[in-house]
Amino acid sequence: MAKATFEVPELSQYLDVPPVTPETMAHSKPFVAKPEFQAPLGFPGELMDDWQEKALDKMGELLGKYRSLRVYLDSCVKCGSCTDKCHYYLGTKDPKNMPVGRQDLMRKVYRRYFTLAGKLFPKLVGAEDFTKDVLDDWYSYYHQCSQCRRCSVFCPYGIDTAEISMAAREIMDSIGVGQKYCNEIIGKVYTIGNNLGLPGPALKDTLEGLEEDVFDETGVAVRYPIDEVGAEILLVTPSADFFAEPHVDGLIGYGKVFHEAGVTWTLSSHASEAANFGMFIGSYDNMRRVAQRIREAAIELKVKRIVFGECGHAWRVAYSFLNTLAGPWDFLDPRYPVPQHICEFTYNLIQEGKLTFDKSENDDKVLTYHDSCNVARASRMGNTPGGQFEIPRAIIRETCNHFYDMDEDTIRDRTFCCGGGGGLLTDDLMELRVKGAKPRVEALNNVMLEKGVTHMAAICAICKSQFTKVLPYYGMEMDQIVSLHQLVSNAIVLTGQDVEDDEDEADEAA
Amino acid sequence: MSFLTMVYAYLFYFAALVLLAGVTFKVVQYARTPAPLKIPTTPAPTTRSGVVFRMTREIVLFESLFRGNKWTWIFGWIFHFGLFLVTLRHLRYFMEPVWLPIELVQPFGIYGGIAMVVGLAGLWARRFFVDRVRYISSPSDHLILALLIAIGCTGLLMKFVFHTDVVAVKSFFIGLYSFDPQPLPGDPLLLLHLFLVAALMIIFPYSKLLHAPGLFFSPSRNQVDNPRERRHIVPWAKRLEQE
């Protein structure tokens, strides 16, 4: 078990709502971005002298630009429906991690400066001056929201705390208080092309290595191309897929699926990252700039289609925002949605009967499936609402013999975030990540005990990294989290593949 | 015209003006503020009519609240539905002749009044007994509940215990239309009831009561899930493309 400097929550069989325990997480703060990480994004380097005035100006600007922010700050009636829904509240007991508690950190400032009631009777309506203490609270607690939208499912007005967290981070960035993790990464995307800072030649090496591995294993020359002009499909995938376990097994799977589909495809070193951290910091400008790389890559490589790899928030930006940020996509093949998810691509091939699987290859595992929050509640797959739940499960059922869902209250649109989303996947927030994972790990633990589940599949780079790191704190193994396309990769029977069974070989020959 | 009648006439002119102008201002503000990104909470309807159906379920049944918390839902729904019936019942004071549906709803309006107070009491109890809800409640949250309960109780008392001259009350309000207020009965309970209602009308556009118009403008509920099919772009975002 990993060493912890804090108390790891105990798992229980039922989801219990903890009693309100104020300030348990007031100490949790991610590292502040140094000036060198602020500048490339167009933000001031450090906290300005007249920060309060500047912050209120920015808030006024955002209130005029985002209907969500304006309506959500006005509409909350404090009914309490959201109070027991956030995984960070359930894991930390801190009431400022209740969605409404988090929103109120901004709402009290909004009321004080932007509403008549708050100007006249601040105490009565819970309005407060925007002091340095309040700003410190903002920095702490708006970096304890993974923007997973679970609260918005249960709010009678659909108030989405993610919108408020994003606005808060944008306001803080605009006065020089940025978060190191996100802003440094966005800088890397601008200069190198991906979050991990992997340069083009390194990617090429890695991909050649993958081709060799797959050939050794299967005897089939599956290609993992990069920067190939004229390929049909541009694959945009999170950079973790290039080397980290279990991510890379997913990438191997995508390649095999493309191979069987008989399509040409390519990665791009210019857009070698699916994730768009511009969303995490609520910056439309940065989100747009990051998204534009994909347009540039698609034009440069003269592709006809764009497919995204397994990545949760990335799929939200891709599915919901890409057309807005980097469209219109009229130069691509109109027969396909832009962009497509790799799961949609694989699922369609399965429907057409073009893929052959040997499910027994996954018989060493009993699977469950983790709905990644942003795929579940901020996007779709396929043509019908809820396809984002059914399509990945259909793929698992096609490739595995043993699959059990976790408790209904913790999956589909009620899924719990892994605890590391929304720009929190950094070691300086380890306590928060471990505690925030509790509700999900609890549900996983229950199906492990009841159904003998051994592995959990996910389709998000953040989820995979987070669970790899966090599961050991709960006494589980880091490799219990797998990529969905890793299962596909294991089970897929490639055309012309060396098959150990002689009979099959004879069939192939005939 | 007595002093009292005059005070209440002006009070209601003022309250109606604040309510109408205030809510209109907010609705126009919400409508004119762009929603630059597609953010429906999914799974979401893929068609306009699907969205209308989703919104209707939210408005009539409080669907999301039902999924979120059964106690708050049952008290909240009882209160709102009760208030709706009470409002319909009260329309008879504001029209001559009274429409048939309003005639028919009269007896249900009384049950509505009782339901409304019961629902409010339940909601208020939660503010004391559930630690999470207690934590998020500010004085105004309690005051609004107190105000609504007081309106309900004074109304029910007039119905069941201390009757007032409802014909005169009706003449007073009908008279307001033509700026010719008729004498308002001086019963203390009636005056209190009317004063509280006017207060409610005045605070409406400045308080969380804005959740009523707000719901219609919530992007996570009222947007169609079709971002890949149709490009969604607002003017300020469009301008970035021309730079």
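Two residues are in contact here if their C-beta atoms, placed from the backbone, lie within 7 Å. The legends below describe close-up views of a predicted model.

**Figure 1. The two domains of chain A and the residues through which they meet.** Chain A is divided into domain 1, residues 35–185, and domain 2, which comprises residues 192–404 + 453–491. On the side of domain 1 of chain A, 15 residues are in contact with 12 residues of domain 2 of chain A. The elements that contribute two or more residues to this side of domain 1 are α9 (150–154), α10 (161–174) and α11 (180–191) of chain A. Of these, α10(A) gives the most, with 5 residues. By class, the residues of domain 1 of chain A that touch domain 2 comprise 7 nonpolar, 5 charged and 3 polar. The centres of the two domains of chain A, taken over C-alpha atoms, are separated by 32 Å.

**Figure 2. The parallel sheet β2-β1-β3-β4 of chain A.** Four strands of chain A form this open sheet, with parallel pairing. At its edges stand β2 (265–266) and β4 (340–341) of chain A; each has a single partner strand, so one side of each is left without a neighbour in the sheet. Strand β3 (residues 305–308) of chain A is paired with β4(A) in the parallel sense over 2 bridges. A:Phe308 has A:His341 of β4(A) as its bridge partner.

**Figure 3. The parallel sheet β5-β6-β7 of chain A.** This open sheet of chain A consists of 3 strands, and the pairing is parallel. The edge positions belong to β5 (367–369) and β7 (481–483) of chain A, and because each has a single partner strand, one side of each is left without a neighbour in the sheet. Neighbouring strands of the sheet are turned against each other by 40° on average, direction ignored. Strand β6 (residues 455–458) of chain A runs parallel to β7(A) and is joined to β7(A) by 3 bridges. Opposite A:Ala458 stands A:Ser483 in β7(A).

Figure 4. The peptide bond joining A:Val338 and A:Pro339 is cis, with omega of about -10°. In chain B, a cis peptide bond runs from B:Thr42 to B:Pro43, and its omega is near 0°. A:Asp227 is not a glycine, yet has a positive phi of about 55°. This residue, A:Asp227, lies in the loop between α12 (200–218) and β1 (233–236) of chain A.

**Figure 5. Chain B and its annotated segments.** Chain B contains 12 helices and 0 strands. Along its principal axes, the C-alpha trace of chain B spans about 65 × 45 × 40 Å. An unreviewed UniProt entry annotates "transmembrane region" at residues 6–28, 71–88, 108–130, 142–162 and 189–207 of chain B. Residues 6–28 of chain B are 100% helix and 0% strand, with the end C-alpha atoms 33 Å apart. For residues 189–207 of chain B, the content is 79% helix and 0% strand, and the end C-alpha atoms are 26 Å apart. UniProt also places the feature "domain: NarG-like" (unreviewed entry) at residues 77–212 of chain B. That stretch, residues 77–212 of chain B, is 75% helix and 0% strand, and its end C-alpha atoms are 14 Å apart.

**Figure 6. Packing of helices α4 and α5 in chain B.** Two packed helices are described by the angle between their axes and the distance between the axes. Helix α4 (residues 70–90) and helix α5 (residues 100–129) of chain B pack at an angle of about 145°, and their axes are 6 Å apart. The crossing of α4(B) and α5(B) is left-handed. Their contact has 17 nonpolar, 9 polar and 2 charged residues.

**Figure 7. The contact between chain B and chain A.** Chain A contributes 59 residues to this contact and chain B 56 residues. Among the elements that give two or more residues to the side of chain B are α3 (63–68), α4, α6 (131–136) and α7 (139–160) of chain B. The largest share of this side, 5 residues, comes from α6(B). The residues of chain B on the side that touches chain A divide into 26 nonpolar, 18 polar and 12 charged.

Definitions and conventions. Residues numbered from 1 in each chain as written. Chains lettered and ligands numbered in written order. Predicted model: local features only at pLDDT ≥ 70, side-chain atom pairs only at ≥ 80, totals over all residues. Domains from an automatic or database assignment. Nonpolar A, V, L, I, M, F, W, Y, C, P; charged D, E, K, R; others polar. Axes fitted to C-alpha atoms, helices over the stretch in contact; angles between N-to-C directions. Left-handed = near helix turned anticlockwise from the far one by under 90°. UniProt positions renumbered as here; feature names shortened; annotations may be inferred. Pairing = 2+ DSSP bridges.
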